[in-house]
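The following exercises are to be worked with the sequence and the model at hand. Each task is followed by a solution in steps.

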Amino acid sequence: MEIYSVPEIAKDVFWVGAKDWNRRMFDALVPLPQGTSYNAYLVKGEEKTALIDTVNPGFEEEFKEKINLVSSLEKLDYLIMNHAEPDHASAICYIMDRAPGSVLVTTERGVKMASIYNDLPEGRIKVVANGDTIDLGGKTLRFIEAPWLHWPETMFTYLPEDKVLFPCDFFGAHTAQGVYDEDLEDLIPLAKRYYGEIMMPFGKMGTKALEKIKDLDIAVLAPSHGPIYKNPQRIIEPYAKWTAGETENKALIVYVSMWGSTKLMVRTIAETLLKEGVDVRVYDLEVADTGDVARELVDSRAIILGTPTVLAGMHPLALYGTYLVKALNPPAKYGVILGSFGWGGGALKQAGDILVPSKMEVVGTLQVKGKPREEDLKRVEEIGLELARKMKA
Ligand SMILES: Cc1cc2nc3c(=O)[nH]c(=O)nc-3n(C[C@H](O)[C@H](O)[C@H](O)COP(=O)(O)O)c2cc1C
């Protein structure tokens, strides 16, 4: 019985990927509230057939069956590799073993990266560079090098006859739900979360990639995770803002508090900012979903960190959060560090040492002994007012 659905996303172009409904973590780092998908596409020309990317380990058999529903894996001509990460490239050898005439098509960097993880079949690799094409007969595949989105070797593949762009992880979203963008109302927040987690550290490369594709006629945008966009502008427009680092009048507050003192300080600054018309998002790192924090980082203008001192430094959860914030390279312009200590302190200095070398201006810091008193909260309020003033300017 044919149990699999292989939607035809354009004429003779089929989605043959896999949906991982129950996966709950990615990269041992990112929670997946709706699972994810590993999108792979089969393009059938009049003479040749090409597969664009493969699937995550564990989905090979399903993948093979899907390909055979619309074509014959044995007769596959090209395997296009846009990105070497194992969720898209780990089935290269599985596919090429079963398609003896197939050739792997990727960039020079792609060969290097794929060789790290796979024993690539010698003599069956075609190296392509930006602008190169492959003719499938009535369908052309054009390759666009778009490095560092989010690995060194990433490239996009464009199919001009059907106006389909395959941008691999760029424009992706972690969700197993939906086939097309119109199926999911909450797609853009999911895509924003994905952008924050995966693409934000490479914002400048994202801007360059958008520049490279700006004159392409794109009717269908088929990324490697999440739904396929029949309305490409729905994701291209927010990507233009995110990659440019455009921020909102929004403050992200991330904090940890064991006995409530730091919490009182962050509540005070949150209320002050709200009164001043700043949009505020508060996450307690003890229970926060890292993906939600990453999503907020994409366009927050200020980040407020609250941490008590534990063993002469930051609370370990706050240390992790601060490290992550720094590594994700968000566009925030302003920072504030708040916290409480019992005897010698130390959290504030450690947080400052991590954050000060970033491009963020630290507008204020305050470390109080034990529970914050009236005058301490007054000082927190003053820092909040100063921050709101700078954010609006
Ligand atoms: C496990 C633990 C370790 C701590 N280590 C330190 C320390 O090294 N230096 C210090 O000044 N205070 C230390 N403290 C005291 C806390 O920083 C202090 O109780 C603070 O007010 C807690 O803030 P909170 O209510 O926001 O959790 C420690 C407290 C705990 C529970």
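A residue counts as buried if 20 or more other C-beta atoms lie within 10 Å of its own, and as exposed if 12 or fewer do. The model is predicted.

**Exercise 1.** Determine whether the length of helix α7 agrees with its number of residues, and which of its residues are buried.

*Solution.* Step 1: the expected span is 1.5 Å times one less than the number of residues. Step 3: the buried residues in α7 are Ile235, Tyr239, Trp242 and Thr243. Step 4: these residues lie on the same side of α7, because they cover an arc of only 90° around the axis. Step 5: Gln233 and Glu237, on the other side of α7, are exposed. Step 6: an α-helix has 3.6 residues a turn, so residues three or four places apart point the same way.

**Exercise 2.** State the strand order of the open sheet of 5 strands and identify its edge strands.

*Solution.* Step 1: the order is β12-β13-β14-β15-β16, with mixed pairing. Step 2: β12 (133–135) and β16 (220–221) each pair on one side only and are the edge strands. Step 3: β14 (155–159) and β15 (164–166) run antiparallel and are joined by 3 bridges. Step 4: Tyr158 has Leu165 in β15 as its bridge partner.

**Exercise 3.** Describe the shell around the ligand by residue and by class.

*Solution.* Step 1: of the 19 residues around the ligand, Met258, Trp259, Thr262, Pro308 and Gly342 come nearest. Step 2: α8 (261–275), β20 (309–310) and β22 (334–341) each give two or more residues to the shell. Step 3: the shell has 8 nonpolar, 11 polar and no charged residues.

Key: Residues numbered from 1 in each chain as written. Predicted model: local features only at pLDDT ≥ 70, side-chain atom pairs only at ≥ 80, totals over all residues. Pairing = 2+ DSSP bridges. Helix = DSSP H or I, 4+ residues; strand = E, 2+ residues; numbered from the N terminus. Near = placed C-beta within 6 Å. Nonpolar A, V, L, I, M, F, W, Y, C, P; charged D, E, K, R; others polar. Arc of directions from axis to C-beta.
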